[in-house]
Amino acid sequence: FSLFIRPDEPVRVLNGSYIIFDYSDFTIESNFIIYYNVFRDEFFGEARIRQIPDMNYLFDSTELAELEEKLRQYLIPRLKEIRQKALQQT
């Protein structure tokens, strides 16, 4: 996975959400995104595996420190899980 969208350059999307970062692997058509929603004042994550959404609430956070801790603990395992699922679908 490569960092495609960086936290210092978030991308505004629909419904008051911003993509804070996006780790993508274009060869397996998969990615992991962390969003921030200004209306709900919360962070949340979403994966796409072979372009199909794969939701998980593990990264839902209301504070940046909370999100940082979850990323430290779960980001690498989640990226490995996304890759494994994508490769199983080939």
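Student: Which residues does aspartate 25 touch, not counting residues up to four places away in sequence?

Tutor: Aspartate 25 touches Phe1, Ser30 and Arg83. Bear in mind that this is a predicted model. Aspartate 25 lies in strand β3, residues 17-25.

Student: Is aspartate 25 buried or exposed, and how do you know?

Tutor: Its relative accessible area is 10%. Buried means under 20%. So aspartate 25 is buried.

Student: How many aromatic pairs does the structure hold?

Tutor: The structure holds seven. One of them is tyrosine 35 with phenylalanine 44.

Student: Why is the pair of tyrosine 35 and phenylalanine 44 called stacked?

Tutor: The ring centres are 5.0 Å apart, and the planes stand at 15 degrees. Pairing needs centres within 6.5 Å, and stacked needs planes under 30 degrees apart. Both conditions hold, so the pair is stacked. Tyrosine 35 is buried at 12% relative accessible area, and phenylalanine 44 is buried at 15%.

Student: What makes phenylalanine 59 and tyrosine 74 edge-to-face?

Tutor: Their planes meet at 90 degrees, with the centres 6.5 Å apart. Over 60 degrees counts as edge-to-face. Therefore the pair is edge-to-face.

Student: Where in the chain do the two partners, phenylalanine 59 and tyrosine 74, lie?

Tutor: Phenylalanine 59 is in the loop between β6 (52-55) and α1 (64-88). Tyrosine 74 is in helix α1, 15 residues apart from phenylalanine 59. The pair links distant parts of the chain.

Student: Why is tyrosine 74 called partly exposed?

Tutor: Its relative accessible area is 28%. That falls between the cut-offs of 20% and 50%, so tyrosine 74 is partly exposed. Phenylalanine 59, at 0%, is buried.

Student: Which residues form one aromatic cluster with Phe59 and Tyr74?

Tutor: Phe21, Tyr23 and Phe32.

Note on methods: Residues numbered from 1 in each chain as written. Predicted model: local features only at pLDDT ≥ 70, side-chain atom pairs only at ≥ 80, totals over all residues. Heavy atoms only, no water. Helix = DSSP H or I, 4+ residues; strand = E, 2+ residues; numbered from the N terminus. Buried < 20%, exposed > 50% of the residue type's maximum accessible area, 1.4 Å probe, protein only. Contact = heavy atoms within 4.5 Å. Phe/Tyr/Trp six-rings, centres within 6.5 Å; stacked < 30°, edge-to-face > 60°.
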